[in-house]
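Hi,

Here is the model I promised to pass on to you. Please open it alongside this note, and then read on for what turned up.

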Amino acid sequence: MSKTSLKHKVAIIGSGNWGSTIGKIVAENAKEHKKLFETTIVMWAFEEDVDVPNDPGLWEKLGAGPVKLSHAINTVHQNIKYLPGVRLPDNLVANSNLQDTVKDATILVFNLPHQFLSMTLSQINGYHRPYARGISCIKGVDVADGTVTLYSEMVMEKLQIYCCALSGANIAPEVVAEKFCETTIGYDSPPMDYKERDGSPRDNRVKVDEQRQSNSKPTHIKLSPIPKEYPPVESSLLKTLFERPYFQVHVVRDVAGVALGGALKNIIALAAGFVTGKKWGENTKAAIVRIGVLEMVEFGRTWFSKSVDERTFTEESAGMADLIASCNAGRNYRSALRSVEKGVPIEEIEETELGGQKLQGISTARAVHEFLSKEGKLDKFPLFASVYEIIENHQSVEKLPSLLRKDPKAQN
Ligand SMILES: NC(=O)c1ccc[n+]([C@@H]2O[C@H](COP(=O)([O-])OP(=O)(O)OC[C@H]3O[C@@H](n4cnc5c(N)ncnc54)[C@H](O)[C@@H]3O)[C@@H](O)[C@H]2O)c1
Ligand SMILES: O=P(O)(O)OC[C@H](O)CO
């Protein structure tokens, strides 16, 4: 391997519950792999005034009144709003200036609630390095003009950089407590950066929509090669950046499967929360999980058949394992359960009980419903359709079993 003289500078875009957890992981690895990565990891924090928890140690350093989130992170090395009680590494530095955070970065880790990505990318565009590479840890899908877009694709389209995906059974508080778990990286960049950089012609275009069945979107982006002074960005480098003894990384080529698994399981987790809230027991929840995984597979098979590997849904952490974790302990599950117990809309639980954290299942259920409706395929996805009907208050949770029965006559 040729010698490289520059190190990658990694920036984390987002500093919520998962953003801060991934920031910790990446900062730990940057410290251990000094030849590959700059030690300081900058994490963009959407600036807000946050209350200081009732803790004499924190009050001594921050005062008792509200403080800026980025100031708190950099002063006490703790995200006191989104990941309270966890000591973050000293080399993880919060920056409230988005353009400043990305300007020198060669690897951009996107980790914020999906509803904020599009706006955030618009603010980044033009300030990032054209040869930067992205990885999306975001769970959700976007639907606009009748087309479903993965967030890794949205990054590619808006910033004209390659972007892969990371997803798995990764409930942040458990990961940050360093309990053993696994994750999946979907990475399929063409081997362009280092193989043919001696000037010989090569096709370094990536087809944004090559993962889909139909070509309804603009097709190509032209990737800028990473200067040869940097270590090559390839799957082994990404594994080094994210793998910890407590966080095992498996890399596959199926970006769409990884991204879809993370998005669609949030709809299924809402249904699992509804049935637990009703105290219908484990058999019912198992039925929800079984039907849910089949709908995930069908979704991938129908609209992303050129790249989805169905084994991602059944064998990878980004598939079945994430579904199990999310349907037992995720925020979507817990909030749906609470909404049934309290008899209030799930948004009210999000607003009052999540301390500013955001649910991804509600907007994903709406986006997927819009897409299925436009495709005329709602009948093929009864679970996804039913969750939408329940959160929109068109159906009650009591109706869920009848909505899922195969015999249409039994649905009244
Ligand atoms: N938390 C988990 O256990 C977990 C695990 C795996 C994956 N994920 C996924 O990671 C992604 C990020 O989730 P999270 O848990 O870090 O977020 P979160 O639920 O903690 O949401 C809070 C974040 O939203 C940001 N925010 C609020 N308003 C904003 C605005 N107007 N613009 C930009 N940012 C704004 C806050 O600054 C904060 O960083 C999601 O897609 C989620 O599904 C979460
Ligand atoms: O808390 P949730 O429901 O957003 O799920 C968290 C993670 O995605 C679980 O892997």
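How far is an oxygen atom of ligand 2 from an N or O atom in the side chain of K139? The distance is 2.7 Å, a polar contact (a pair of N or O atoms within 3.5 Å; within protein, one must be able to donate a hydrogen and the other to accept it, and residues adjacent in sequence count only if both atoms are side-chain atoms).

Some ground rules before the rest. This is a predicted model, where local features need pLDDT of at least 70 and side-chain atom pairs count only at pLDDT 80 or more, while totals for chains, interfaces and linings use all residues. Residues are numbered from 1 along each chain as its sequence is written, chains are lettered from A and ligands numbered from 1 in the order in which they are written, and side-chain values use heavy atoms, with hydrogens and water left out.

Back to ligand 2. The side chain of K265 also has an N or O atom 2.7 Å from an oxygen atom of this ligand, and a polar backbone atom of R331 is 2.6 Å from a ligand 2 oxygen. Taken alone, ligand 2 exposes 310 Å², and the protein buries 92% of that (Shrake-Rupley method, 1.4 Å probe; for residues, only the protein chains shown count as cover). The shell around ligand 2 has two nonpolar, six polar and four charged residues (Ala, Val, Leu, Ile, Met, Phe, Trp, Tyr, Cys and Pro are nonpolar, Asp, Glu, Lys and Arg charged, and the others, Gly among them, polar). Domain 1 (10-253) and domain 2 (258-404) both give residues to that shell, so ligand 2 lies between them; the bounds come from an automatic or database domain assignment.

Now ligand 1. Of the 24 residues around it (a heavy atom within 4 Å), N17, W18, A172, K358 and Q360 come nearest.

- The side chain of Q360 places an N or O atom 2.7 Å from an oxygen atom of ligand 1.
- For K358, a backbone N or O atom lies 2.8 Å from a ligand 1 oxygen.
- The side chain of R331 has an N or O atom 2.9 Å from an oxygen atom of ligand 1.

Taken alone, ligand 1 exposes 830 Å², of which the protein buries 92%. Its shell divides into eleven nonpolar, nine polar and four charged residues, with at least three drawn from each of domain 1 (10-253) and domain 2 (258-404).

Best wishes
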